[in-house]
Amino acid sequence: MPSVKSLVESKSLCTVPSEYVCHKTRDDSIFSEAQTIPTIDFAHLVSPIPDQRSQAIQQLARACRDWGFFVLINHGVSETLWDKLMSASHHFFDLTEEEKTEYAGRQLFDPIRYGTSFNLNVDKTLFWRDYLKIHVHPQFHAPTKPPGFGEILEEFCKKSRQVCGELLKGISKSLGLEETYIHERLQIESGSQLLVINFYPPCPKPESAIGLPPHTDHGLLTLLLQNQLDGLQIQHKGKWVPVHPLPNCFIINLGDHMEILTNGKYKSVVHRAEVNNKAARISIGTANGPPLDTVVGPAPELLSDAHSPAYRALAYGEYLRFQQSLQLDGKSCLNHIRL
Ligand SMILES: O=C(O)CCC(=O)C(=O)O
Ligand SMILES: [Fe+2]
């Protein structure tokens, strides 16, 4: 299957090929432009001043409970690193198809996988996106091209894992648990981190195609950055809320394993990526979870007579395998393990 980028470049496309045409319903266009996702100040969350920290944890609790998505500011990852990562990612997709195909992984757990759409074996409609997925923790992997990409990725992944670790401490506290609860229960120090770089080439008829359909992420937390183009939208109270890019801010969202662990107290949130006809949009996400063989079920500390387990426990890797065997469709994967 050719990449979307090569398709766009091979001929001057003025329409969307039929296999990419996505039939949208009326509900797909109900927007809530006025709402914006909450903002969390990372510097407050790690502040040595107890009041500042506890206020930030309360804000985090509200953001997780009411939205499952938030903007993270003052996270300490430098703008220089951010820019280097964006431009190196762009350079990766600018390599020849032959060079990129070297990384065309076939299996879900291949360390590096370059591809298009989501899962070509099950996708009924193709998605207007090419991707590079890399397992970056507990073992770090990186493509050897373009030069310097590996070093940039390694530094970024390490920094973003630290940010994620602090967020998980704050989330543990926000649930009334020990700050290290999630770290210890889910062995976060040796946990898995999957980096996904999405490349959405400009599309001649953006209303006819979709970059990524509505879905939730599988891990505990996803940290996302994007170039300066709109596209990400999240579902909130039955409406689509666009998440406009802000310079040097992470967009954080809760994944299915946060919903499982918290027994539904915090929920993963359906989101999608639309495409545009102006320029290539890039988003870079890291999905952070436990080690692949760790079995995750609802935390016993959050269960009671009134709150019986709502999800079946499953190894994280099994869950990933299962999600990859399905079409990407809302919360369909999580729904399979609901009790
Ligand atoms: O491109 C985006 O903004 C969203 C990407 C995304 O949802 C994903 O990679 O899971
Ligand atoms: Fe996602």
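Me: Two strands pair if DSSP finds at least two bridges between them; which residue of S5 stands opposite leucine 132?
Reply: Isoleucine 197 of S5 stands opposite leucine 132. The model is predicted, with local features requiring a pLDDT of at least 70 and side-chain atom pairs a pLDDT of 80 or more, whereas totals for chains, interfaces and linings use all residues. Residues are numbered from 1 along each chain as its sequence is written, while chains are lettered from A and ligands numbered from 1 in the order in which they are written.

Me: What makes S4 and S5 a pair of strands?
Reply: Strand S4 (residues 130–137) and S5 share 7 bridges in the antiparallel sense, and the criterion asks for at least two, so the two strands pair. Tyrosine 131 stands opposite asparagine 198 in S5. The strand labels themselves follow DSSP runs numbered from the N terminus: strands are E runs of at least two residues, and helices are H or I runs of at least four.

Me: How do you know that S5 pairs with S12?
Reply: The two strands run antiparallel and are joined by 9 bridges. The bridge partner of asparagine 198 in S12 is serine 283.

Me: In what order do the strands of the open sheet of 8 strands stand, and what makes two of them edge strands?
Reply: The order is S1-S2-S10-S7-S12-S5-S4-S3, with mixed pairing. Strand S1 (39–41) and strand S3 (112–116) are the edge strands, each pairing on one side only. Neighbouring strands of this sheet are turned by 25 degrees against each other on average, direction ignored; the axes are lines fitted to C-alpha atoms, and angles between N-to-C directions run from 0 to 180 degrees.

Me: Why is asparagine 288 called buried?
Reply: Asparagine 288 has 26 other C-beta atoms within 10 Å. A residue is buried at 20 or more such atoms, exposed at 12 or fewer and partly exposed in between, with C-beta atoms placed from the backbone; asparagine 288 is therefore buried. This residue is found in strand S12. Its C-alpha atom is separated by 18 Å from that of glycine 264, 24 residues apart along the chain.

Me: What makes S5 a mostly covered strand?
Reply: Of the 9 residues of S5, 8 are buried. For the chain of 339 residues, 41% count as buried.

Me: How are the strands of the open sheet of 4 strands arranged?
Reply: The order is S6-S11-S8-S9, with antiparallel pairing. Strand S6 (212–215) and strand S9 (239–242) are the edge strands, and the twist averages 20 degrees from one strand to the next. S6 and S11 are joined by 2 bridges, with leucine 212 partnered by alanine 273. S8 and S9 form a hairpin with 2 residues between them, and lysine 237 in the turn has a positive phi of about 50 degrees.

Me: What makes the chain as compact as a globular protein of its length?
Reply: The chain comprises 10 helices and 14 strands. Its radius of gyration is 19 Å, close to the 20 Å of the globule rule for 339 residues, and the chain is therefore as compact as a globular protein of that length. The radius is taken over C-alpha atoms, and the rule is 2.2 Å times the number of residues to the power 0.38.
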